[in-house]
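This report describes the pockets and cavities of one protein model. The sequence and structure are shown first.

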Amino acid sequence: MGDTRDRAVPRTEGRIPFRGFETWYRVVGDGEAEGRLPVLCLHGGPGATHHHMEPYEALAGAGRRVVLYDQLGCGRSAIEAPHDASMYTPELFMEEIDAVRDALGLDRIHVLGHSWGGMLGMQYAIGHPPGLAGLIVESSPASIPQWVAEANRLRDELPPEVQAVLLRHEEAGTTDDPEYERAMTVFYDRHVCRVRPYPDWLQATFDGIAANPEVYHHMNGPSEFHVIGTIRDWDITDRLAEITVPTLVLSGRYDEATPAIAETVHRGIPGSEWVMFEQSSHMAQAEEPDEILRVVSEFLDRVESGTGGSS
C-alpha cells in the first residue's frame, strides 16, 4: 500500500513557536462545512511522527479540516539546540496541544489519538478543556502497568528462542544489538502491524523514531514491551470517569493494546463506544483502512448531529 491521499484537498504547513522551539504542523482542508468540526490528530510513540496519522487526512473530504503535527522533539519538530530530555513529560505535550489550537484557531474540535496519542488525548480530556467536542482513542492504554502486564503475556506466546534473545539483551543492556531488533520484529509482526510490506506512511514513522529516538527512549524505553522510561508508572484508570465528552474507543483483535486494555478504557469512560477490528493489530488504519475510516466518520457525524456519544 502506498500513499493514497487526495492531492486535490488543500494542504498548508507551518511552524508554531513553542517553549523556545518550534512545532511543525500540517492542515488538510481549508475550513468546515456547516455543522462540521476540525479533527486534531495526536501521533503515537511517545517519540513517533505524524506519518501514521496520515490515513485520517481522508476525513477532510467530508468538509472538515484535519490537523496533524509532530510533537516537540519528534520528526520535523526535532530539537537541535542543547536541551534537557527531562522536559519531555505528558504535561509538556498537553500544553503543546493548546499551543497548536491557539495558533490555528481551533476553538471547537475533535481529538483523535493513536497509541501514546490516545493516552495523551485521555489525559487532556480529563482536564475538561473548552471546545473539546469528541474524543477518539485508538489502541491506547489507560495504564502503563497494565500495558506491560499484557505485553508480557503476549511475549510469553512468542517462540522460546525469541524470548531468550529478548531477555538476554535486556538483561545485558544491549537492546541496540541487531539480534535484539530481529527478535523484536517477531512481536511487531504479530501485534503492531500484520500488513507486509508496511505502507509508506508507517515505514516513515518507524524511520522517524530510528533517526531521532530520544523522546521514545526517554519516555518509553527500547521497545514496545520493555517500558523502562519515565512513563512506566503512568496510570489514569481511576480518573477516566472524569471524561465527559463523547468518546469512541478503537482496538484490534491482535493489538498490543489488547482487548483487556481496551475494555479498561471503555468501562472507565462513561457512555463510551468500543469497536474492535477483527483483522487488525495495532495499526487498523493499515490493516482495515476502509472500515476504520467508516467507523470514525460515522462517530463524528453522530457527535456533530447530537445523536450519539456519552452525555
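## The second largest cavity

In this predicted model, the second largest cavity is lined by V137, S139, S140, V249, L250, S251, A257, T258, I261 and A262. Two elements, β7 (247–252) and α8 (259–268), each give two or more residues to this lining. The most comes from β7, which gives 3 residues.

The volume of the second largest cavity is about 40 Å³. Its lining has 6 nonpolar and 4 polar residues, and no charged residues.

## The largest cavity

There are 2 cavities of 30 Å³ or more. The largest cavity has a volume of about 80 Å³. Residues that line the largest cavity include G45, P46, S115, W116 and M119, together with P141, I144, W147, N220 and E224; V227 and I231 also belong to this lining.

At least two lining residues of the largest cavity are supplied by each of α2 (116–126) and α3 (144–155). By class, this lining divides into 8 nonpolar, 3 polar and 1 charged.

## The largest pocket

The largest pocket has a volume of about 700 Å³. Its lining is made up of 29 residues, and M184, Y188, F206, I209 and Y216 are those that lie nearest the centre of the pocket. Two or more lining residues come from each of α5 (178–191), α6 (200–211) and α7 (214–219).

The largest share of the lining of the largest pocket comes from α6, with 6 residues. In terms of class, the lining of this pocket holds 13 nonpolar, 11 polar and 5 charged residues.

Key: Residues numbered from 1 in each chain as written. Predicted model: local features only at pLDDT ≥ 70, side-chain atom pairs only at ≥ 80, totals over all residues. Heavy atoms only, no water. 1 Å grid on protein atoms, 1.4 Å probe; cavity = no way out; pocket = protein on both sides within 12 Å on 5 of 7 lines; lining within 4 Å. Points joined across faces, edges and corners; volume = space filled by probe spheres on them. Helix = DSSP H or I, 4+ residues; strand = E, 2+ residues; numbered from the N terminus. Nonpolar A, V, L, I, M, F, W, Y, C, P; charged D, E, K, R; others polar.
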